[in-house]
Amino acid sequence: MMTTQTQSPNTAATESGLASRAVQITLAGLLGLFIVGGVGFSGIPVLHNAAHDYRHSTGFPCH
Amino acid sequence: MAIFRALVFAAALSGLLAGLLMTGLQHAATTPLILKAETYEEAAPAPASHDHGSHDHGTAGQSVAAPHDHADAWAPSDGAERLLYTALANVVGAAGFALLLLAVSEVAGGLAGWRDGLAWGVAAFAAVTLAPSLSLPPELPAMPAADLFARQAWWIGTAVATAAGIALLVYKRSLPLAALAVGLIVLPHLIGAPQPDSHDSPVPAGLAHGFVVAVVVTSFVFWAVLGALAGLLRQRFTRSAA
């Protein structure tokens with residue numbers, strides 16, 4: 001969903017303000033994805049163990 | 001980078017508050033059930049080791065190791081330390097989800113206050129908690145489960161398909177797109193979540209059901225609060241940045 005949105009203003013780069021807005025929103029979304037991935041999906045044992053009860057309590061697939 | 005900064009600040013603050021609230025809710029509703037299930041997990045290997053000598057070594061070892069094969073790595077000790085790390089995971093996870101919610105909603109013009117945020121939060125609850133839980137109910141430790149990677153892939157696919165379906169239903173007005181939206185929401189359940197070979201579980205069915213209810217209800221409150229806070233703070237921060 002995000003990628004389709006960000007590409008159209010970028011290719012039509014006539015309005016740099018709009019492109020900058022799209023870049024910032026994409027960056028924010030990617031940072032959010034990175035954080036959720038680290039807390040909820042990481043296979044690193046230490047991260048898994050630290051977030052164990054959180055993963056179970058939020059319905060993330062755990063071990 | 002004014003928009004990026006406003007979104008990150010709004011996400012961090014709403015994540016902190018909603019994450020701490022969620023930690024309290026979990027401490028009361030879900031964590032006691034996890035601890036109870038772990039007593040079954042610890043009890044489960046006992047019968048296997050009992051007739052260890054008479055059985056094939058490989059299978060016996062596998063059945064013992066299967067529930068928790070990551071026990072060698074560091075883990076917080078039970079009690080305050082474990083609660084602290086759960087709180088940390090809740091706050092960080094909530095900030096991440098808030099950031100995702102804020103970024104996706106910017107595409108539709110941005111959250112214009114707490115009521116807007118509440119509606120988006122409830123939609124996110126449907127995509128992230130409700131839909132995956134229908135075919136892949138939240139699991140307690142010691143419960144049988146299919147391959148982890150397959151479940152994670154199904155979970156992500158279901159959340160994304162449901163979110164896309166809801167967005168189409170809300171923002172598009174054409175009948176074919178509405179039909180596509182309904183299809184997207186149903187499809188993951190037609191495909192079906194990865195299931196374990198056997199559903200035989202040492203955890204009593206009543207405990208497992210109680211856990212599903214506790215997860216869904218606490219998550220609903222969490223998403224409503226996170227969404228409302230994100231909407232409120234996004235409105236404040238973008239106004240002050242402008």
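This is a predicted model: local features need pLDDT of at least 70, side-chain atom pairs count only at pLDDT 80 or more; totals for chains, interfaces and linings use all residues.
# A tour of the chain A–chain B interface

Select B:Arg82 and A:Asp53: their side chains form a salt bridge, with N to O at 2.7 Å. The term covers a side-chain nitrogen of Lys or Arg within 4 Å of a carboxyl oxygen of Asp or Glu.

Residues are numbered from 1 along each chain as its sequence is written, chains are lettered from A and ligands numbered from 1 in the order written, and side-chain values use heavy atoms, without hydrogens or water.

**Stop 1: the whole interface.** Show both sides. On chain B, 50 residues are in contact with 34 residues of chain A (contact: heavy atoms within 4.5 Å). About 3,700 Å² is buried between the chains, and carbon and sulfur atoms give 70% of that area. Buried area is the accessible area (1.4 Å probe) that two parts lose on being put together, summed over both.

The rule finds 11 residue pairs across the interface, both residues at pLDDT 80 or more. Such a contact is a pair of N or O atoms within 3.5 Å; within protein, one must be able to donate a hydrogen and the other to accept it, and residues adjacent in sequence count only if both atoms are side-chain atoms.

**Stop 2: the chain B side.** Which elements of chain B give two or more residues to the side that touches chain A? Select helices H1 (2-29), H2 (31-43), H5 (80-107), H7 (148-171) and H9 (205-241). H5(B) gives the most, with 15 residues. Helices here are DSSP runs of H or I, at least four residues; strands are runs of E, at least two; both are numbered from the N terminus.

Color this side by residue class. It divides into 33 nonpolar, 11 polar and six charged residues. Ala, Val, Leu, Ile, Met, Phe, Trp, Tyr, Cys and Pro count as nonpolar, Asp, Glu, Lys and Arg as charged, and the others, Gly among them, as polar.

Stop 3: Chain B has nine helices and zero strands. Of its 242 residues, 41% are buried (under 20% relative accessible area, 1.4 Å probe, protein chains only).

**Stop 4: chain A.** Chain A has four helices and zero strands. Of its 63 residues, 51% are buried. Finish on residues 25-47, annotated "transmembrane region" in an unreviewed UniProt entry. This stretch is 83% helix and 0% strand, with its end C-alpha atoms 27 Å apart.

Definitions and conventions: UniProt positions are given in the numbering used here, feature names are shortened, and annotations may be inferred rather than shown by experiment. Buried means under 20% relative accessible area, exposed over 50%, partly exposed in between (1.4 Å probe, protein chains only).
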